[in-house]
Each structure stands twice: as C-alpha cells, then as structure tokens.
Amino acid sequence: TTEIYTLSLHDALPISMAGVFKPFKIDMSMYKEIRSNVIDKLISYAGAKHGIAFLEGGHQTTRYEADTDILFRQDSKFHYLFGVKEPDFFAAIETDTKKAVLFIPHLPADFAVWMGPINPPSYYKDLYEVDEVLYTDDIPAYFEKFAPEVVYVTKGQNSDSGNYAVPAHFDGIEKYNIEEVSLFKAITECRVIKTPKEIEIYRYVCKIGAQAHLDNMAALEPEMYESQIESVFLHSNYFKGGCRHVSFIPICASGRNSSILHYGHAGAPNDRLMKDGDWLLMDMGSEYKCYACDITTVCPVNGHFTPEQKTIYETVLDMNRQCQKIMKPGVNWRDVHTLSNRVACEHLKEAGVFKGDVDEMMAANLCGYFMPHGLGHLMGIDVHDVGGYTDGMQRETAMGYKSLRTKRDLAEGMIITVEPGIYFVDCCLNMIKNDEKLNKFINWDVLMEKYYPIGGCRIECDVLITKDGSEDLTPAPRTVKDIEAVYKGEITSVDQIGRAHV
C-alpha cells in the first residue's frame, strides 16, 4: 500500500515580501578605527614599545574525518580588527605606527579549479583597506626584519564560556619576547564599548531579527512543529536581510518546553508538535557580517492569549520595561537584575501565585527560583560578548545572581540584553518545596493548576546605553495587542510597530 500525505496551507510556510532590507554596506574604515583604539588601549596597559600585535584568524574545518566542510565563520577577535571573511589568515599590527599587515595563505593551483580565482595580495589590500598584504610563508622574514621588542598575542579566558583564546603561532616565534595578557585584555575592553559605525550595524541586524520574529508569528498555527517555525526564522534572515549565519542555535520552545532555558539542543531539537492553547517561546538571533543580535518573543500558537498566559506575559513585559527605565551610565547591572525580581514578586503576589510580604520575598531571593538566569548579557560579535567580568569581580552563589553574565556599571556605548523571565521549572519548584523559608510564600494550588502548564516566558530586547539613558534596538512585536494583530495579518512589517515607551 502507498501512504498519501495531505499538506496543509502552512506546510509551504510562505514568507511575505514585507520587511526585505537592502544589505548594509560596512564602511571598512571602521576596522582601522577599531585597530587604533585597541593599540591605544594596549599601550595603556603595557607601555609604548617597538612591538607587534600578532593574531591568527580562524581555520576551515570539516565534519569529523569527512571531507564535508563546515560553513566557516571567522574568529571574533580577528573579525573585530580586520573584517576578514576568509579562513587561514594571520595579521600583525605594528604598535609604533598602527600599520596593519595581513598574511594570506599561499593557495595551491588546484584551488582555482574547485573554489574559483586565486586573488593576489593587492586584491586583499584593497578589499580590507590594510597597509600591506604578504603571504603566511613570509611571516618569519617579516618578524626578522621588524625585530620587535615584544610580540603581543592573545591568551585569555572568556568569562562566559570559561574557554581560553589560543595565541597565534608560527615556527620560530619562540625566539621573541612573547606577552600573552595585554592584547587580549585590550581587545576585550574595546569590544565592550561600541563605536558609532558599529552601532549602525547593530541597528540593521536588530531590525532583521525583529522582522524574522514577526514572520515567525505570522506563520504560526496549531498542529505545526516547532522546527517549522525555526525554518521560517532562518529563511527570513537569509532572504530578507542577507544573514547567512544566525548568532546561536534557535530556541523554539512550545508548551512546557518553554520552561527549558536552552531548549533546542541536539537532545531536544525543536521537534514538538504544537497544540491549540500552547504558547511558543522563540529565542533567536540574527548575525550580519559577524555582528549579532539576540531577541526573545513569546506568542500563543492560536493567536489568542489565555487569561493566565496574559498575566504571565504582561508581568514579564513590565519587568522588561521597568528595567529599561532605570538603565543609564553609572547604574550597576546587578541592581537592574534586582529590580526585575521585585517587579515579578509584586505581580505574582497580585495574581495570587505568591503570598506574604514582598520585602521578605526579596530577602529570601524567592524570584531566583522563577528566573534562575541573569537578567542579560553584553552583545557584540559574540552573542554572549566578552568583557562581562573584569579582574577582581566576584561571582555570587545565590540562584539567579550566580548566573549574572556581568556585574559592571553600565556605560555609554554598551549594548546589553534585557531578558527577564518567569519559568515554572520542575527542579526549581522542588527546591522551593523543600525550603521552609521559600515554601511559605507559594499558593501551590494556584501555581500548579493555573500557571504551571504554561511553562515559561522570556522577553528579550537588545538595548544600547546612551549618554543619559538607553535605547531599545529591537522593534519586535511586544504588546499583547501587537502580537495578536500580527497573527491576524494586520501587522506585516516592523515598520508598523511603534517604539515602546519605557
């Protein structure tokens, strides 16, 4: 027998032409400005010396032992300084003059058969607007001729991943005076504060991401798989915004899956069939020329919020907006996180989920078990960007606070996510039940019968710290009214959505 499959209207998942963007052209002088800033910062740490900042770009890899290439994405530090998209490059910046030199691989003749023309050094000199381009074979001779007092390489720990940067290397580098700390520190600190030219790229990529989230909502209906909405996001990014990469594995979590903070991994690959009455948490970010955004939206699968969904959603939206109201230079990020907890306690008490005194709830850190992650993270060329923790900054141990990705004071030019949430996570609820100091605050019948089935909610914006406040760069649908209007087809472009007054 032959099975016959009937395709629904949404199996094709059409993408409207609304929100198609002209690709953003990056001004290559931006990288020269960034290199200058980094060398200035390096000298402030290490002193003025006749030195070379030496960096190694990313390398092309294959899938395990096979000959299938993995789509290359440049090392973030290397891209930050040079904007180079190709693999297997090295680079040097001379600290005396800030002269920039790229070293390109000497490709074999057969490369042209399979991969296209082999471009000469002059091509890359013009493309990347550097001072000189040599071959990687020339690195030893270049070093010998320059005779540096010190060679700065990057070997430092990423405070988000815990991983260490691998310093650039060539055979013979050992005979030079190698300094591994200052360059990594200088690049990290410069990446925390965005230049005006970088901010314009972020405006572009955040708009692409917001439109893709809107397209997700427009395509959504019951009896679809989470992965189908993930596919809408990927297509919208590439088709409308020219984004070949996204900034992380998309999280497309429906029903109780929305309580899983990093759902979407290989063990839970966005594969649930969504039902009428569920809602869908979409944490997905675009990436344009290595510049990332990170947006989370939540919407009902059938286009209509239930009273309980609306209560939780508008609680989290108020958490988000109250936090943005106080964000400005000089405000410490830990204090913003604490405010989000207080707003949550007030709303959940009003909804009958919590009972008792809000100040006592705060002292007991009750909301740490309903928002076990930190409020947000620095954004940049990596979605969890570098620089969250500086020397001497201590991590905490309390729920939620221990997951803060930074405890810095906010500063003009930072871009940081504001992503409060409320989640009904089984293991966290069990911790509360087993702790008398926490258990007394919970109306368990209300929580389990009305709100537990929802799963969780997170609303995430990418926010630029300005001279005297902040600006939300992500014009995604946020209000209940706008989300329901998208579902009805009344809003098709982010240009129709007004900026939130926070």
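Met17 is exposed in this predicted model, with a relative accessible area of 57% (exposed means over 50%, buried under 20% and partly exposed in between, with a 1.4 Å probe and protein chains only). Met17 is placed in the segment before α1, helices being DSSP runs of H or I of at least four residues and strands runs of E of at least two, numbered from the N terminus. The model is predicted, and local features need pLDDT of at least 70, while side-chain atom pairs count only at pLDDT 80 or more and totals for chains, interfaces and linings use all residues. Residues are numbered from 1 along each chain as its sequence is written, and side-chain values use heavy atoms, with hydrogens and water left out.

Helix α6, which spans residues 182-192, is mostly covered, nine of its 11 residues being buried. The buried residues, among them Leu183, Phe184 and Ile187, pack against α1, β1, α2, β5 and β6 (contact means heavy atoms within 4.5 Å).

The structure holds 19 aromatic pairs, defined for rings of Phe, Tyr and Trp (its six-membered ring) with centres within 6.5 Å, planes under 30 degrees apart counting as stacked, over 60 as edge-to-face and the rest as tilted. The rings of Tyr123 and Tyr124 have centres 4.9 Å apart and planes at 90 degrees, and the pair is therefore edge-to-face; Tyr123 is partly exposed at 35% relative accessible area, whereas Tyr124 is buried at 9%. Tyr202 and Tyr291 also form an edge-to-face pair, at 5.2 Å centre to centre and 80 degrees between the planes. This pair links helix α7 and strand β11 across 89 residues, and both Tyr202 and Tyr291 are buried.
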